[in-house]
Amino acid sequence: MSLFAVFSICTVAKDAAGVAGNLFAFGLFVSPIPTFRRIIRNGSTEMFSGLPYIYSLLNCLICMWYGTPLISADNLLVTTVNSIGAVFQFVYIIIFLMYVEKSKKVRMIVLLVAVLGVFAIILVGSLEIDDIQMRRFFVGFLSCASLISMFASPLFIIKLVIQTKSVEFMPFYLSLSTFLMSTSFFLYGLFNDDAFIYAPNGIGTVLGVTQLILYFYYENKSRDSSREPLIVSYV
């Protein structure tokens, strides 16, 4: 097989993985919709927190910037998925601000302005770096750290599932979408030889597998428990 044929296969595989990652990420982006339907219906944010959407917005903006040709080559699919994600997060934040209590609204607005300010600093600061490799390393390191922190957030849920022995707080389709998206972009990064993409998504894949294993384990345990007699005699 010629070198050109190998290159063509890798290019096709990379694009396929990137498109798949975009599709699976869309599933993640729309997953909060039921929550916001409830918020709109009840006219209150209740006990829900807006912080995850603030942090997700910053993550999407940094990763979107990393995918542009000004920072890294041939990463258009990284830009598209994070551009869509940023729009979703911004809409969620606006809706949250419409229904959150006044005491929490000021804090949310301050955090939103801070996130936009941090992104502006990253954007302008990276453009001040003339060396394209150093610029890519600077933004790539930030995007990698942001992704790892995002993928690490389910560790609290994993701990909760183990403690409660219940998957009530870990929706199956959310865990599945996270695993599929991480795996897709892990492969995308490998085919594109981009450590700033495959390293954090590799961690996300491992955490996704862990969540799925725990889901099936504790779901089966719950089913087994439900088959036990309702009346138990203690001697």
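Biologist: Helix 4 and helix 5: is their crossing left-handed or right-handed?
Modeller: In this predicted model, helix 4 crosses helix 5 in a left-handed way.

Biologist: At what angle do helix 4 and helix 5 pack, and how far apart are the axes?
Modeller: The angle is about 155°, and the axes of helix 4 and helix 5 are 10 Å apart. Angles over 145 degrees count as roughly antiparallel, and helix 4 and helix 5 are therefore roughly antiparallel to each other. Helix 5 covers residues 102-127.

Biologist: Which residues meet there, helix 4 against helix 5?
Modeller: Helix 4 brings Phe90, Ile93, Phe96 and Leu97. On the helix 5 side they meet Lys105, Met108, Ile109 and Leu112.

Biologist: And by class, what does the contact of helix 4 with helix 5 have?
Modeller: There are 7 nonpolar residues, no polar ones and 1 charged residue in that contact.

Biologist: Where is isoleucine 94 found, and how far is its C-alpha atom from that of isoleucine 109?
Modeller: Isoleucine 94 is in helix 4.

Biologist: How does isoleucine 94 count in terms of accessibility?
Modeller: Isoleucine 94 counts as partly exposed, at 35% relative accessibility.

Biologist: Switching to rings. How many aromatic pairs does the structure hold?
Modeller: The structure holds 14 aromatic pairs. One of them joins phenylalanine 26 and phenylalanine 88, with ring centres 5.7 Å apart and planes at 80°, so that pair is edge-to-face.

Biologist: Where do phenylalanine 26 and phenylalanine 88 sit in the chain?
Modeller: Phenylalanine 26 is in helix 1, residues 3-30, and phenylalanine 88 is in helix 4, residues 76-99. The pair links distant parts of the chain, 62 residues apart.

Biologist: What about phenylalanine 29 and phenylalanine 88, stacked or edge-to-face?
Modeller: The centres of those two rings are 6.0 Å apart and the planes are at 25°, so phenylalanine 29 and phenylalanine 88 are stacked. The cut-off for stacked is under 30 degrees. Phenylalanine 29 lies in helix 1 and phenylalanine 88 in helix 4, so this pair ties together parts 59 residues apart in sequence.

Biologist: Phenylalanine 29: buried or exposed?
Modeller: Phenylalanine 29 is buried, with a relative accessible area of 10%. Phenylalanine 26 is partly exposed, at 41%.

Biologist: Which residues do ring pairs link into a cluster?
Modeller: The cluster is made of Phe26, Phe29, Phe36, Tyr53, Phe88 and Tyr92.

Biologist: New topic, helix 3 and helix 6. How do they pack?
Modeller: Helix 3, residues 51-67, and helix 6, residues 132-152, pack at an angle of about 145°, and their axes are 9 Å apart. The crossing of helix 3 and helix 6 is left-handed.

Biologist: Which residues meet between helix 3 and helix 6?
Modeller: From helix 3, Asn59, Ile62, Cys63, Trp65 and Tyr66 take part. By class, the contact of helix 3 with helix 6 has 8 nonpolar, 4 polar and 1 charged residues.

Biologist: Last one, the whole protein. How many helices and strands are there?
Modeller: The protein has 9 helices and 0 strands. Of its 235 residues, 38% count as buried. Among contacts between residues at least 6 apart in sequence, 75% join residues at least 24 apart.

Key: Residues are numbered from 1 along each chain as its sequence is written. This is a predicted model: local features need pLDDT of at least 70, side-chain atom pairs count only at pLDDT 80 or more; totals for chains, interfaces and linings use all residues. Side-chain values use heavy atoms; hydrogens and water are left out. Rings of Phe, Tyr and Trp (its six-membered ring) pair if their centres lie within 6.5 Å; planes under 30 degrees apart count as stacked, over 60 as edge-to-face and the rest as tilted. Helices (H or I, at least four residues) and strands (E, at least two) are DSSP runs, numbered from the N terminus. Buried means under 20% relative accessible area, exposed over 50%, partly exposed in between (1.4 Å probe, protein chains only). Axes are lines fitted to C-alpha atoms, for helices over the stretch in contact, and angles run from 0 to 180 degrees between N-to-C directions. Angles under 35 degrees count as roughly parallel, over 145 as roughly antiparallel, 65 to 115 as roughly perpendicular and the rest as oblique. A crossing is left-handed if the near helix is turned anticlockwise from the far one by less than a right angle, and right-handed if clockwise. Contact means heavy atoms within 4.5 Å. Ala, Val, Leu, Ile, Met, Phe, Trp, Tyr, Cys and Pro count as nonpolar, Asp, Glu, Lys and Arg as charged, and the others, Gly among them, as polar.
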